[in-house]
Amino acid sequence: MFEIKVYNEVDELLEHLAEQLMAYSLRSKPCHIALSGGSTPKALYALLAMEPFNSAICWDNLHFWWGDERMVEKESAQSNFGEAYRTLFQHVPIPEENLHPINGANELSIEQVHAEEEIVSKLDKHEGRPCFDWVLLGLGEDGHTASLFPGQVDYEAQSNWVAATHPETGEVRLSLSAETLCNARSIAFVVTGANKAEIVRDVFGDEEESEQYPAANIFAFDGETQWLLDEAAASLLVND
Ligand code: 6PG
């Protein structure tokens with residue numbers, strides 16, 4: 001159901017992700033990739049913006065979406081799209097139409113309708129639902145992923161996008177739903193840092209205990225699910 005890969009250094013993990021992205025870009029048809037938010041992906045964006053990946057990746061062949069977005073202006077440092085654009089996309093030759101951000105400046109319910117139309121019209125379907133080629137996800141210390149927060153998730157929600165509220169900041173967000181995330185061909189959780197070691201241990205711990213964590217319930221129903229960790233984040237995992 002899933003594979004755990006532990007990298008000695010974060011740089012090795014980032015290199016693997018960049019090479020995987022390059023492989024997607026060289027496929028015979030366009031690939032649709034959902035990026036995670038938060039801080040973890042920023043180091044990957046910096047690597048991709050530099051040579052050799054800047055020139056080696058066939059950016060025309062990649063379409064980027066976001067697994068979740070904070071409902072803020074893209075100029076805000078809180079904007080997942082804004083940060084990705086400033087650290088990566090404005091530095092590489094990717095056509096504007098290949099970027100499919102949530103418009104965080106819009107009123108939530110209006111943007112939710114627009115986002116639903118966009119994803120249904122642009123993505124191939126699997127089992128009647130939009131199907132990403134690759135979904136990159138992070139892990140919060142409370143076990144959330146995308147903006148699927150503990151105690152808030154409707155795992156049977158039929159829409160592709162769901163509204164969410166950050167339990168601490170009250171920030172309003174749009175997130176891909178659990179059903180749409182799990183419909184992806186491939187999912188990769190990317191988790192680094194000692195501060196994530198406890199939640200990684202708990203997500204892979206006792207099944208009854210772990211099901212409270214949304215990240216533990218997200219896996220590709222008909223595809224591959226990988227957990228890509230650095231040693232620090234994996235430091236409390238017990239080798240079975
Ligand atoms: C978001 C994310 C969220 C993130 C985790 C990990 O918009 O905040 O999508 O799910 O991936 O909170 O965040 P860090 O990478 O900052 O630890």
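Student: How far is an oxygen atom of the ligand from an N or O atom in the side chain of Asp68?
Tutor: In this predicted model, the distance between the ligand oxygen and the Asp68 side-chain atom is 2.7 Å.

Student: And what is the distance for the side chain of His144?
Tutor: A ligand oxygen lies 2.7 Å from an N or O atom of the His144 side chain.

Student: What about Lys196?
Tutor: There, an N or O atom in the side chain is 2.6 Å from an oxygen of the ligand.

Student: How much of the ligand's accessible area does the protein cover?
Tutor: On its own the ligand has 410 Å² of accessible area, and the protein covers 87% of that.

Student: Which pocket is the ligand's space?
Tutor: The ligand takes up the largest pocket.

Student: Which residues come nearest to the ligand?
Tutor: There are 15 residues around the ligand, and the nearest are Ser39, Thr40, Asp68, Ala146 and Lys196.

Student: How does that shell split by class?
Tutor: Nine residues in the shell are polar, four are charged and two are nonpolar.

Student: Changing topic. How many disulfides are in the whole structure?
Tutor: The search of the whole structure finds zero.

Student: Is Cys31 buried or exposed?
Tutor: Cys31 is buried, at a relative accessible area of 2%.

Student: And what is the relative accessible area of Cys58?
Tutor: For Cys58 the value is 32%, so that residue counts as partly exposed.

Note on methods. Residues are numbered from 1 along each chain as its sequence is written. This is a predicted model: local features need pLDDT of at least 70, side-chain atom pairs count only at pLDDT 80 or more; totals for chains, interfaces and linings use all residues. Side-chain values use heavy atoms; hydrogens and water are left out. A residue is near a molecule or strand if one of its heavy atoms lies within 4 Å of it. A polar contact is a pair of N or O atoms within 3.5 Å; within protein, one must be able to donate a hydrogen and the other to accept it, and residues adjacent in sequence count only if both atoms are side-chain atoms. Accessible areas come from the Shrake-Rupley method with a 1.4 Å probe; for residues, only the protein chains shown count as cover. On a 1 Å grid over the protein atoms alone, a cavity is a set of points where a 1.4 Å probe fits but cannot get out, and a pocket is an open set with protein on both sides within 12 Å along at least five of seven lines; lining residues have an atom within 4 Å of a point. A molecule sits in a cavity or pocket if more than half of its atoms lie within 2 Å of its grid points. Ala, Val, Leu, Ile, Met, Phe, Trp, Tyr, Cys and Pro count as nonpolar, Asp, Glu, Lys and Arg as charged, and the others, Gly among them, as polar. A disulfide is a pair of cysteine sulfur atoms within 2.5 Å. Buried means under 20% relative accessible area, exposed over 50%, partly exposed in between (1.4 Å probe, protein chains only).
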